[in-house]
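This report goes through selected local features of one protein model. The sequence and structure come first.

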Amino acid sequence: MPPVTVFVCTTCRRSGDAEDAPRAGATLAAKAEPLAGPDLAVRPVECLGNCSRGPTAAIAVPGGWTYVFGNLDPAEAAPALQEGARLLAAAEGQVMPWRGRPEPLKRGLIARIPPLEFPA
């Protein structure tokens, strides 16, 4: 399986969070980082530009599609991101199948971005 990277926005807040409250994105990143392994990298990033629908994460595979997810719950999303990464790595054509996708990734899909080498 190709290596997969999960990018997690650390600056995301949840709607209504106090300015001085811990950032939900940072919490999600902290929960996701221990799930990294030889075929899964977890990369905290400062902003994924999906501020109104955070916490946000993206799952990318070399030569395949990148998936952006929002409105993630830090309490349940880390294992869902790990499972989504596994599904994407094993998927034919590096397109994450809908069937078997964890519920947070079904509800939270924001965008699906084609690979840079996508044929015209």
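## Thr56 and its surroundings

Leaving out residues up to four places away in sequence, Thr56 touches Phe7, Val8, Cys9, Cys12, Leu48, Asn50, Val68, Phe69, Gly70 and Leu72, a contact being heavy atoms within 4.5 Å. Thr56 sits in the loop between β2 (40-45) and β3 (57-60); helices (H or I, at least four residues) and strands (E, at least two) are DSSP runs numbered from the N terminus. Its relative accessibility is 0%, so Thr56 counts as buried. Buried means under 20% relative accessible area, exposed over 50%, and partly exposed in between (1.4 Å probe, protein chains only).

The side chain of Thr56 also makes a polar contact with the side chain of Asn50, at 3.0 Å. Such a contact is a pair of N or O atoms within 3.5 Å; within protein, one must be able to donate a hydrogen and the other to accept it, and residues adjacent in sequence count only if both atoms are side-chain atoms.

## Basis of the model

The model is predicted: local features need pLDDT of at least 70 and side-chain atom pairs count only at pLDDT 80 or more, while totals for chains, interfaces and linings use all residues. Residues are numbered from 1 along each chain as its sequence is written, and side-chain values use heavy atoms, with hydrogens and water left out.

## Backbone geometry

Pro55 lies in the loop between β2 and β3. The peptide bond from Gly54 to Pro55 is cis, with omega near -5 degrees.

Asn71 is in the loop between β4 (66-69) and α2. Asn71 is not a glycine, yet its phi is positive, near 55 degrees. With a relative accessible area of 48%, Asn71 is partly exposed. Most residues other than glycine have a negative phi, and most peptide bonds are trans.

## Cysteines

The whole structure contains zero disulfides, defined as pairs of cysteine sulfur atoms within 2.5 Å. Cys12 is in no disulfide, and the nearest cysteine sulfur, that of Cys9, is 3.4 Å away. Cys12 is buried, at 6% relative accessible area.

For Cys51, the closest cysteine sulfur is that of Cys47 at 4.2 Å, which is too far for a bond. Cys51 has 57% relative accessibility and counts as exposed.

## The largest pocket

The largest pocket has a volume of about 190 Å³. On a 1 Å grid over the protein atoms alone, a pocket is an open set of points where a 1.4 Å probe fits, with protein on both sides within 12 Å along at least five of seven lines; lining residues have an atom within 4 Å of a point. Grid points are joined across faces, edges and corners, and the volume is the space filled by probe spheres set on them.

The lining has 14 residues, with Asp39, Leu40, Gln82, Ala85 and Arg86 nearest the centre of the pocket. Helix α2 (residues 74-90) gives the most to this lining, six residues.

Leu35 lies in the loop between α1 (24-32) and β2 and is partly exposed, at 26% relative accessible area. Apart from neighbours within four places in sequence, Leu35 is in contact with Leu40, Ala78, Pro79 and Gln82. Leu35 and Cys51 are 16 residues apart in sequence and 24 Å apart in space, C-alpha to C-alpha.

Leu109 belongs to strand β5 (residues 109-113) and is partly exposed, at 34%. Leu109 touches Tyr67, Val68, Phe69 and Arg101, not counting residues up to four places away in sequence.
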